[in-house]
Amino acid sequence: MEKAFAYICAASDAAPRLLKRYCRKVYELGYVPICPKLSEAQYLQPDNADEKKDFHSIARQKLGRCRMLVVCGNEISHSMSAEIGAAEKRNLICTTLDGLAKIKEADENGGL
């Protein structure tokens, strides 16, 4: 069975180790984590205006291929609000890591 893609929504300044932890948790819950802040940071330079624009374009395209957006962290930044708004416009499921864990738990226990 194919797993659903889950877009990782986290603060722009989240440390890579934290982003990796979020991705790992989403993976353990049975989803394919998609985290542009972790992957695109490997080759794009955010200080370059054109590359920053490209980053946002790539992130939007990846979000459009996901079934859900998972909000990670304790606070919602301006960029996270924009990602959540874009997900809502696409009628994607928006949840948190805790919410995703509860969905998984309910699923394992025979439904909601």
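In this predicted model, the buried residues of helix α5 are covered by elements that include α1, β3 (68-71) and β4 (93-96). The buried residues in question are Leu97, Gly99, Leu100 and Ala106. Helix α5 covers residues 97-108, twelve residues in total. Glycine 110 follows α5 and has a positive phi, near 95°.

The chain as a whole contains five helices and four strands. Read from the N terminus, the order of elements is β-α-β-α-α-β-α-β-α. A compact globule of 112 residues would have a radius of gyration near 13 Å. The chain has 14 Å, in agreement with that value. Along the principal axes, the C-alpha atoms fill a box of roughly 50 × 30 × 30 Å. Of the 112 residues, 36% are buried. Contacts were also examined by sequence separation. Among those between residues at least 6 apart in sequence, 67% join residues at least 24 apart.

Empty space was considered next. Rolling a probe the size of a water molecule over the atoms shows where such space is left. The largest pocket has a volume of about 560 Å³. Its lining comprises 24 residues. Ser12, Lys37, Phe55, His56 and Glu83 are the lining residues nearest the centre of this pocket. Helix α3 supplies the largest share, seven residues. By class, 13 lining residues of the largest pocket are nonpolar, five are polar and six are charged.

The second largest pocket has a volume of about 210 Å³. Met1, Glu2, Lys3 and Ala4 are among the residues that line it. Leu29, Gly30 and Tyr31 also belong to this lining, as does Arg67. Ile103, Lys104 and Asp107 are likewise lining residues of the second largest pocket. By class, this lining has five nonpolar residues, one polar residue and five charged residues.

Most residues other than glycine have a negative phi. The relative accessibility of asparagine 91 is 71%. The cut-off for an exposed residue is over 50%, so asparagine 91 counts as exposed.

Proline 33 is the second case. This residue lies in strand β2, which covers residues 32-34. Its relative accessible area is 25%, so proline 33 is partly exposed. Neighbours within four places in sequence were left aside in listing its contacts. On that basis, proline 33 is in contact with Ala6, Ile8, Cys23, Val26 and Tyr27. Proline 33 and glycine 99 are 66 residues apart along the chain, and their C-alpha atoms are separated by 15 Å. Glycine 99 is one of the buried residues of α5.

Methods. Residues are numbered from 1 along each chain as its sequence is written. This is a predicted model: local features need pLDDT of at least 70, side-chain atom pairs count only at pLDDT 80 or more; totals for chains, interfaces and linings use all residues. Side-chain values use heavy atoms; hydrogens and water are left out. On a 1 Å grid over the protein atoms alone, a cavity is a set of points where a 1.4 Å probe fits but cannot get out, and a pocket is an open set with protein on both sides within 12 Å along at least five of seven lines; lining residues have an atom within 4 Å of a point. Grid points are joined across faces, edges and corners, and a volume is the space filled by probe spheres set on the points. Helices (H or I, at least four residues) and strands (E, at least two) are DSSP runs, numbered from the N terminus. Ala, Val, Leu, Ile, Met, Phe, Trp, Tyr, Cys and Pro count as nonpolar, Asp, Glu, Lys and Arg as charged, and the others, Gly among them, as polar. The expected span of a helix is 1.5 Å times one less than its number of residues. Buried means under 20% relative accessible area, exposed over 50%, partly exposed in between (1.4 Å probe, protein chains only). Contact means heavy atoms within 4.5 Å. The radius of gyration is taken over C-alpha atoms; the globule rule is 2.2 Å times the number of residues to the power 0.38.
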